[in-house]
Amino acid sequence: MGFDAPAVDYDRFMGRYAPTLSVALADCADVHEGMRVLDVGCGPGGLTGELSARAAEVAAIDPAPQFVAACRDRNPGADVREGVAEKLPWADDAFDAALSSLVIGFMRDPDAGVREMARVTRPGGVVAVCMWDVATGGMRMLGLFWDAVQRLRPDVEGEAWMPGGAEGDIAERFTRAGLRDVTSGALTAHADYTGFDDFWEPFTLAVGPAGQYLRSQPEREQAAIREECRRLVPDGAFTLEARAWYALGTSP
Ligand SMILES: C[S@@+](CC[C@H](N)C(=O)[O-])C[C@H]1O[C@@H](n2cnc3c(N)ncnc32)[C@H](O)[C@@H]1O
């Protein structure tokens, strides 16, 4: 699935989870000073920034040109390229670690993406991937939205089917790709909202599957979804938790 939204719209919708999720994923992969690290599907560069603060050499890649430009601006020391996970433009064993946050669900061929991440990681280096828990609604922002939609239209599938969105799916892909010592679990991120409008308006920007679904609906339907969301979301300022499934493995 393509992302053509401007980086600032992504920031308002999903980027607000990047500060906490990036730290959790980088900690889990033990990214530290002196490492050569790759961020696959970097978007506007939330994780790239966390890696740049920790590692010696950071590279990043994304197919969306406006995200590549934003990631370059925000991370001037990083080697940021335009391209896809399934065909990484780096040599075998180029990195000590390859990470990817919230991307596997969008890859055309997620298993090929994992194999490529393993290929560019040196033997014994770490591959780490995470994706929101969209299968059981542990990513509350998306869970609330799809709950609202499905109250009105129970036949709508939402994004629960996405690769990586169910517990254990990323680990299975890692094992299939030949990664060793595969472990998996959950990471927790969160974001603060000043109130309902701060929650709702980013959905109207058509970023990602939820926003694009909303945009595809007639105005009356959009208003009904908004009203359902209004009922589900707390009054006043609130914080939403977001669970992501992750897997970690070492390159053979
Ligand atoms: C939800 S965003 C995640 C961005 C960023 N990693 C983050 O955590 O905020 C998904 C990103 O995956 C990128 N993407 C989609 N298909 C891809 C592919 N085949 N290979 C690499 N990145 C891809 C999109 O352009 C988008 O930037």
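## Helices α2 and α3

Helix α2 passes helix α3 in a right-handed crossing, where right-handed means that the near helix is turned clockwise from the far one by less than a right angle, and left-handed that it is turned anticlockwise. The model is a predicted one, in which local features need pLDDT of at least 70 and side-chain atom pairs count only at pLDDT 80 or more, whereas totals for chains, interfaces and linings use all residues. Residues are numbered from 1 along each chain as its sequence is written. Helices (DSSP runs of H or I, at least four residues) and strands (runs of E, at least two) are numbered from the N terminus.

The axes of α2 (residues 18–28) and α3 (residues 46–54) come within 9 Å and cross at roughly 50 degrees, which makes α2 oblique to α3. Axes are lines fitted to C-alpha atoms, for helices over the stretch in contact, with angles from 0 to 180 degrees between N-to-C directions; under 35 degrees counts as roughly parallel, over 145 as roughly antiparallel, 65 to 115 as roughly perpendicular and the rest as oblique. The contact (C-beta atoms, placed from the backbone, within 7 Å) involves A18, S22, V23, L25 and A26 of α2 with G46, L47, E50, L51 and R54 of α3. The residues of this contact divide into six nonpolar, two polar and two charged, with Ala, Val, Leu, Ile, Met, Phe, Trp, Tyr, Cys and Pro counted as nonpolar, Asp, Glu, Lys and Arg as charged, and the others, Gly among them, as polar.

## Two further helix pairs

Helix α5 (residues 110–120) and helix α7 (residues 169–176) pack at an angle of about 60 degrees, with their axes 9 Å apart, and α5 is thus oblique to α7. Their contact brings P110, D111 and V114 of α5 to R173, F174 and R176 of α7, a set with three nonpolar, no polar and three charged residues.

The axes of helix α6 and helix α10 (residues 219–232) come within 9 Å and cross at roughly 120 degrees; α6 and α10 are therefore oblique to each other, and their crossing is right-handed. On the α6 side, L144, F145, D147, A148, V149, R151 and L152 meet A224, I225, E228, C229 and L232 in α10, and the residues of this contact divide into nine nonpolar, no polar and three charged.

## The sheet

Seven strands form an open sheet in the order β3-β2-β1-β4-β5-β7-β6, with mixed pairing (two strands pair if DSSP finds at least two bridges between them). The edge strands, each pairing on one side only, are β3 (79–82) and β6, and the twist averages 20 degrees from one strand to the next.

Strands β1 (residues 36–40) and β2 (residues 57–62) run parallel and are joined by five bridges, with A60 in β2 as the bridge partner of D39. Strand β7 (residues 238–250) pairs in the antiparallel sense with β5 (residues 121–132) over seven bridges and with β6 (residues 180–193) over twelve bridges; W132 stands opposite A244 in β7, and H190 opposite E241. Helix α4 (residues 65–74) lies across β2 and β3, running at about 175 degrees to β3, while helix α6 (residues 140–152) packs on the sheet, touching β5 and β7, with its direction at about 115 degrees to that of β7.

## The ligand shell

The ligand is surrounded by 23 residues, of which the closest are G41, G43, A85, S101 and F106; a residue is near the ligand if its C-beta atom, placed from the backbone, lies within 6 Å of it. By class, this shell has 15 nonpolar, five polar and three charged residues.

Notes:
Two residues are in contact if their C-beta atoms, placed from the backbone, lie within 7 Å.
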